[in-house]
Amino acid sequence: MDTSNTTLGDLARDVYTIFTGKVADDLYTNERDINSLITAGNIELESLQMEADWVYLRVQSHLLGIIAAGATTMPLGDNVYKISDEANDKLRIVDPAGKIISQWDITTPEDLAYGDTNQLNASQDIFRADGNKVAVIREEVFFSRNFTEKEVGGRVLVPAYLKFNKLSLEDMNAPIQVRPRALLTYGIAKRLAPPDFVRNTQYSSLVAEYNDLLSKAIDQNSNSNTAGTMFIMGSAIRGHR
C-alpha cells in the first residue's frame, strides 16, 4: 500500500475500525485521545526501527555535517538511526562542488581504537587503525586520523538509515512512513486495546495479524535491494518515498 498520503487521522480511523468494525470519518478530536494514539504510535515506531534496516529509510548520501578546524569527531545526528556498513559503503568528504576529497572505511569501534571503547575520547594516540577509518561510538562518529587542511570545510556524506519520523500533534498531516500502513495500525491497536477487547478472542487475532504483517514486511525488506535508495545530500528528508 502506498503510504505517501497517510496521516495521523488515517491511523486513528483505522484503529477505530479494528476495535468496532465500523468506519468513522472523524475521530480523536480531543487532545487526550490523540495524545494516547501518538504515544502508542511512537513506542511502536521505536520497536519497528529495531526490527530491520528498512530499505525505504536508507539514504545513500546523507549530509552528516561540515568538517571544522581542530575537530576529530562529529555527532551522528538526531535523525540518523545508523550508518550503513554494507559492502563497499564509504564515508566521503567532498568539497562544495561535490568532488571527493577523501573516502573512509566504515568499521567497528574495536577495529578503530585500543582499550575500552566506552571510555574512548578524541585523543588520537589511542587509534590503531591504518588508513582512513571511522566508527560510531555513543552516537558520535570517530575518525582514525586528524583532518588535513584540504578536508577542513568539506562536507561529510554517509550512507545512512534514518529514523522514522515521530508522530506529532503539531504536525498531524505529516506522511506516515511505515510500509505497509496496516503494520503500524495494528501495532498501535495492540497497544491501545481496551480491557474488554483484550479479554476476548479478537485480541489474539489482532496480535496474530500484526505478527504476520511484521514477518512479511521483514521478508520483503530482506529481499529488496537498494535500487530505490535516495541520493539526497541533506538531513531534512521528511516523508521520503
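This is a predicted model: local features need pLDDT of at least 70, side-chain atom pairs count only at pLDDT 80 or more; totals for chains, interfaces and linings use all residues.
1. Helix α4, which covers residues 181-192 and has 12 residues, reaches 17 Å from its first C-alpha to its last, close to the 16 Å expected at 1.5 Å a residue. Within α4 the buried residues are R181, L183, L184, T185, G187, I188 and A189.

2. The structure holds 11 salt bridges, and one of them pairs R181 with D14, the closest N and O atoms being 2.6 Å apart. Because R181 lies in helix α4 and D14 in helix α1 (residues 8-20), the pair ties together parts that are 167 residues apart in sequence. R181 counts as buried because its relative accessibility is 17%, under the 20% limit.

3. A second pair to inspect is R58 and E86, whose side chains meet in a salt bridge at 3.8 Å, N to O. This pair links distant parts of the chain, with R58 in strand β1 and E86 in the loop between β3 (80-83) and β4 (90-94), 28 residues apart. R58 is buried, with a relative accessible area of 2%, whereas E86 is partly exposed, at 35%.

4. D105 forms a salt bridge with K90, the closest N and O atoms being 2.3 Å apart; D105 lies in strand β5 (residues 100-106) and K90 in strand β4, so the pair ties together parts that are 15 residues apart in sequence. D105 is partly exposed at 32% relative accessibility, and K90 is partly exposed at 33%.

5. I67 lies in the loop between β1 (58-66) and β2 (73-75) and is buried, with a relative accessible area of 4%. Its contacts, not counting residues up to four places away in sequence, include M74, I93 and F147; I67 and F147 are 80 residues apart in sequence and 8.2 Å apart in space, C-alpha to C-alpha.

Methods. Residues are numbered from 1 along each chain as its sequence is written. Side-chain values use heavy atoms; hydrogens and water are left out. Helices (H or I, at least four residues) and strands (E, at least two) are DSSP runs, numbered from the N terminus. The expected span of a helix is 1.5 Å times one less than its number of residues. Buried means under 20% relative accessible area, exposed over 50%, partly exposed in between (1.4 Å probe, protein chains only). Contact means heavy atoms within 4.5 Å. A salt bridge is a side-chain nitrogen of Lys or Arg within 4 Å of a carboxyl oxygen of Asp or Glu.
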